[in-house]
Amino acid sequence: MQAEIAATPSATLPSLSWAVAVRLVLPVIVLVTLIAELALAERKYALFGGGFGQSQTLDTTLELGAFAVGLLLCHGLLFYLLYRLTRRFHGRRASSPLMPFNFAFFVGGGALAVLIAKYQALAFFSDTMSFQIVRNLGGGSLTDALLYSLSEGGLILIGAGGAVAVYGALFLWLRRRWREAPPFADRPRLGGRQLLLVLAATPFILFGVNRVDDARAALSRFNSVIAATALLDTATDFDRDGYSFFSFPIDRQPFDAARHPFALDIPGDGIDQDGLGGDFTFSGAPAPQPAPVIAGRRPNVVLIVLESTRADSIGRRVDGRPVMPVLEAMAARGSAARRAYSHVGFTTFSLQSLFTGALAPVDDRRSLVRDFLANGYDVGVFSGQAEDFGGTADLVGMRRGSIFVDGNRLRDERAFSFAALGSVNIDGRILLREFDRRLGDPRAWQRPRFLYFNLQSAHFPYSGPQMARILPGAPIPRGEISAANRDWVARTYWNAIAYDDWLIGQLIGRLRRLGALDNSILVVTADHGESLFDDGFLGHGHMLNDQQMRIPFIVSAPGVAIPSVIGLADMRAIILNAAGARLPAPAGRPVFQYLGSLERPGSIGTVDAAGRRISFNFFQETVWTSESGRWVRYADLPAGSAERRAADGLIGEWARQRWLRHLEGGAQG
């Protein structure tokens with residue numbers, strides 16, 4: 001009798017263990033994959049803690065609640081549907097141990113593998129992964145990039161082979177332990193009717209969740225939400241114009257493919273294609289400028305662009321010491337802009353505007369390189385970044401000169417191991433070495449020269465292995481960069497700025513020793529600024545404010561005519577006129593700015609000579625002015641009010657800039 005009692009638990013143990021395993025496999029896979037994706041997303045995007053490049057943080061109860069509802073719904077529903085699909089795929093063996101094992105290995109393991117691959121790719125390419133960047137990875141050669149991809153494909157094949165071996169070993173090991181387990185009917189938790197109700201409710205829930213801006217931005221990082229939104233986006237894009245009820249902004253003309261958010265507004269046709277500001281009225285393209293002729297002594301011109309450098313670097317003191325004494329002295333002796341701004345917080349677009357004098361150029365028909373070459377100058381490039389990134393070198397004709405040295409040419413000496421072109425960073429002292437090799441002999445200065453220097457010291461993380469300590473204190477380790485250490489971050493950044501100032505002083509000393517300084521004009525500016533958590537953000541390209549958009553502009557020559565407010569696109573004419581040309585001076589109008597791309601910006605704005613701003617957010621369709629200091633829905637602005645007229649004027653300027661680019665593209669074709 002005792003033997004029979006003792007045998008009973010032993011006999012039922014396999015059945016109980018199997019029952020528990022089957023019931024737990026789905027929630028365990030959902031939980032593990034959810035935690036893994038949350039951890040990777042937080043590390044990459046700092047969704048909850050904030051950090052570099054992250055302007056939208058989940059920091060209110062509404063945002064956290066909407067985020068949790070959207071993520072749990074999409075993630076749970078996706079894996080539940082995959083679970084049911086796995087059961088159906090196994091047919092009569094759906095109640096055998098093979099089904100949950102295959103679900104855990106292929107669905108759970110596959111989801112984790114996709115996550116790892118995704119974030120490895122993002123770590124290499126960044127969020128701006130595109131065909132152009134893949135091409136740039138091969139130094140401008142698509143063939144080289146494809147060969148590189150094939151070498152990485154070998155690692156994928158090795159990983160796939162290892163997964164097959166692991167699957168076979170686990171299957172053989174577990175099959176011996178499952179032989180005594182009886183079939184177990186694991187009924188799906190949701191019946192057909194309940195599942196249909198959940199599926200029917202999902203679009204409405206996601207539509208509501210997506211009205212919470214920061215929650216929507218955070219959810220767009222998660223694979224399950226991406227999949228659900230893609231399906232809903234396709235299903236509600238009735239006119240197939242790329243916009244729907246689940247795109248942002250929403251398509252309010254769902255059955256007219258010519259009318260949608262960001263549609264090119266055709267002037268004078270009586271139709272408001274983009275749905276904002278009414279039908280666009282075009283005042284006409286500006287008169288074409290004559291080719292600049294530099295008369296007189298033709299001085300050397302040295303254009304120095306400082307990465308991520310704020311306008312308030314000039315005059316800044318740290319522990320009583322000036323951050324940029326060389327540039328302060330240059331501004332005092334020469335000429336400086338009272339207010340200078342970038343049009344967009346991205347390097348490639350900024351450099352293209354600087355060189356061509358256009359907000360969004362399509363080619364190098366007008367470019368400082370062409371201008372100086374046409375006037376008998378020799379042109380040289382010494383850049384600490386890869387100028388092929390974003391196609392800048394080709395677009396502005398940088399290779400037309402006799403010297404072209406950039407981060408891609410010197411990538412074996414880059415400050416960090418990152419190989420993507422957008423991450424290449426060459427220390428400024430290496431650029432000075434290359435200058436000495438090519439132009440260190442006074443005989444090299446018989447002809448006038450136009451030189452372009454790009455100094456990368458102030459690029460995140462604001463320090464490098466070769467960077468000198470100009471200001472006291474050790475640089476912050478990259479892993480310590482956070483809002484809690486904002487003062488340490490700022491001191492590290494200011495040292496990078498001071499190092500750039502020291503490098504400029506070294507370049508001036510070289511020009512003096514070569515006898516070229518007295519006949520040279522130095523121009524110093526930046527591609528954009530940088531937030532240092534002083535506006536709650538670290539980085540650039542995400543806010544239209546002085547920290548991220550206001551930049552220095554200094555010309556070593558005195559008496560240069562500089563309007564009270566200028567943008568990067570105005571600088572070409574100012575530089576040429578300082579050298580002796582006679583181009584029409586910039587008008588000094590408010591500077592147009594945008595976030596993202598000109599064709600599909602997140603926000604647009606202008607800033608005037610007094611620093612007054614107006615901004616329009618396309619995703620929320622709200623307007624902000626520095627006078628009011630608040631965001632107001634565009635639709636709520638009274639017709640004829642000053643704010644409404646200002647908002648319509650801003651939208652009209654955006655439409656004008658896009659139309660000018662459209663005309664430029666047509667002329668190019």
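This is a predicted model: local features need pLDDT of at least 70, side-chain atom pairs count only at pLDDT 80 or more; totals for chains, interfaces and linings use all residues.
Q: OK, how much space lies in the second largest pocket?
A: About 1200 Å³. A pocket here is an open set of points on a 1 Å grid over the protein atoms alone, with protein on both sides within 12 Å along at least five of seven lines. The volume is the space filled by probe spheres set on the points, which are joined across faces, edges and corners.

Q: How many residues line that second largest pocket, and which lie nearest its centre?
A: The lining has 36 residues, and P286, G357, R589, R656 and L660 lie nearest the centre. Lining residues have an atom within 4 Å of a point.

Q: Which elements give two or more residues to that lining?
A: They are α16 (571-579), β15 (591-596) and α17 (642-668). Helices (H or I, at least four residues) and strands (E, at least two) are DSSP runs, numbered from the N terminus.

Q: And which of them gives the most?
A: α17, with seven residues.

Q: How do the lining residues divide by type?
A: The second largest pocket has 20 nonpolar, eight polar and eight charged residues in its lining. Ala, Val, Leu, Ile, Met, Phe, Trp, Tyr, Cys and Pro count as nonpolar; Asp, Glu, Lys and Arg count as charged; the others, Gly among them, count as polar.

Q: Switching to cavities: how many of 30 Å³ or more are there?
A: Five. In a cavity, a 1.4 Å probe fits but cannot get out.

Q: What lines the second largest cavity?
A: T356, A358, P361, V362, D363, R365, R366 and E664. That lining has three nonpolar, one polar and four charged residues. The cavity holds about 70 Å³.

Q: Back to α16. Is R572 buried or exposed?
A: R572, which lies in helix α16, is buried, with a relative accessible area of 5%. Buried means under 20%, exposed over 50%, and partly exposed in between (1.4 Å probe, protein chains only).

Q: Which side chain makes a polar contact with that of R572?
A: D371, at 2.8 Å. A polar contact is a pair of N or O atoms within 3.5 Å; within protein, one must be able to donate a hydrogen and the other to accept it, and residues adjacent in sequence count only if both atoms are side-chain atoms.

Q: Now β15. How does it run against β16?
A: Antiparallel, with six bridges. A hairpin joins the two strands through four residues. Two strands pair if DSSP finds at least two bridges between them.

Q: What does β16 do on its other pairing, with β17?
A: β16 and β17 (residues 613-617) are antiparallel too, over five bridges. Five residues sit between them in a hairpin, and G611 in the turn has a positive phi of about 85°.

Q: Which residues stand opposite I604?
A: Y594 stands opposite I604, and F616 is its bridge partner in β17.

Q: Why is β16 largely enclosed?
A: Seven of the seven residues of β16 (residues 601-607) are buried, so the strand is largely enclosed by the rest of the structure.

Q: Last one: how far apart are V305 and Y452?
A: They are 147 residues apart in sequence and 7.7 Å apart in space, C-alpha to C-alpha. V305 is in strand β1 (residues 300-306) and is buried, with a relative accessible area of 1%.

Terms used
Residues are numbered from 1 along each chain as its sequence is written. Side-chain values use heavy atoms; hydrogens and water are left out.
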